[in-house]
Amino acid sequence: MTELPHTKLSINVNKIATLRNSRGGNNPDLVQTALNCESFGAQGITVHPRPDERHIRYQDVFDLKAAIATEFNIEGNCQEEKFIQLVLANKPTQVTLVPDALGQITSNHGWDTIKNQEYLKDIVAVFQEAGIRVSLFVDPDPRMVEAAATTGTDRIELYTESYATNYLLNKELALTPYLQAAKVAQQASLGLNAGHDLDLHNLRYFAQNIPGLLEVSIGHALICDALYLGLEVTIQRYLDQLKS
Ligand SMILES: CC(=O)[C@@H](O)[C@H](O)COP(=O)(O)O
Ligand SMILES: NCC(=O)COP(=O)(O)O
């Protein structure tokens, strides 16, 4: 029997949609690619629809929901009413709430869970009442993690951009704030996810050292690696990084 990694790999397929949209038509086929990801071992599929639908279109979310069998994670900005309705209509396994500004190229910060405490409590409850697990995207700041716990969220997703950047300079230092944040999350009984700029170089060290890491969502680097290695080999390599 093969050993299963304890941290789930959810593959973000935004970049497949970016490529498809660049020519119109349906090549590459987003749903087929997601199904391939699953058959190659992915334990979840992540999408991050943005209001301009520059990659994931709202219809893609319905199409993926109807097709995939693993955990479906929809990330996005819940300050958009259209996003809330999209998530409620699809009832994914998990919604990850991200405080994106309009027109942002990519996500670049987590929630200020202190300032937005009341708003987050209300919106977390909206999704939970629909049976959807909620995760809040936060920076690795113990104060933000502590305040996230008081919103009632099930999980947090640690924004790993600074880990990925600093890993190249000093991996121990790069990890330090994430370790502290993870400890606070554990004490508060919050589930822990992570994502953004994780790749084949920095993933193993993160996964081996962050206690209780339940899920990583990875898109950009994984899809780039698949151009060189093929999707099946790439996914196996990412899963290998998650084996303890
Ligand atoms: C929240 C997060 O870190 C990712 O979902 C990332 O924002 C991917 O979005 P893009 O593919 O639009 O860059
Ligand atoms: N939540 C992070 C995510 O889905 C993918 O981020 P990236 O690997 O594309 O940087």
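How far is an oxygen atom of ligand 1 from an N or O atom in the side chain of Asn14? The distance is 2.8 Å. Before going on, a word on what we are looking at.

This is a predicted model, in which local features need pLDDT of at least 70 and side-chain atom pairs count only at pLDDT 80 or more, while totals for chains, interfaces and linings use all residues. Residues are numbered from 1 along each chain as its sequence is written, chains are lettered from A and ligands numbered from 1 in the order in which they are written, and side-chain values use heavy atoms, with hydrogens and water left out.

Back to the ligand. The residues around ligand 1, each with a heavy atom within 4 Å of it, are Asn12, Asn14, His48, Arg50, His55, Glu75, Val98, Thr106, Ser107, Phe137 and His196. For Thr106, a polar side-chain atom lies 2.5 Å from an oxygen atom of the ligand. Taken alone, ligand 1 exposes 350 Å² (Shrake-Rupley method, 1.4 Å probe), and the protein buries 89% of that.

Next, helix 3, residues 58–67. Helices here are DSSP runs of H or I with at least four residues, strands are runs of E with at least two, and both are numbered from the N terminus. Which residues of helix 3 are buried? They are Tyr58, Asp60, Val61 and Leu64, where buried means under 20% relative accessible area, exposed means over 50%, and partly exposed is in between (1.4 Å probe, protein chains only). These four are on the same side of helix 3, because they cover an arc of only 145° around the axis, taken from the directions from the helix axis to the C-beta atoms. The buried residues pack against helix 1 (14–21), helix 2 (30–39), strand 2 (44–47), strand 3 (71–76) and helix 4 (81–90), with contact meaning heavy atoms within 4.5 Å.

Last, the backbone. Most residues other than glycine have a negative phi, and most peptide bonds are trans. Asn27 and Pro28 are joined by a cis peptide bond, with omega about 0°; Pro28 lies in the loop between helix 1 and helix 2. Glu53, in the loop between strand 2 and helix 3, has a positive phi near 50°. Glu53 is partly exposed, at 28% relative accessibility. Lys91, in the loop between helix 4 and strand 4 (94–97), has a positive phi near 45°. Lys91 also counts as partly exposed, at 44%.

How values were computed
A polar contact is a pair of N or O atoms within 3.5 Å; within protein, one must be able to donate a hydrogen and the other to accept it, and residues adjacent in sequence count only if both atoms are side-chain atoms.
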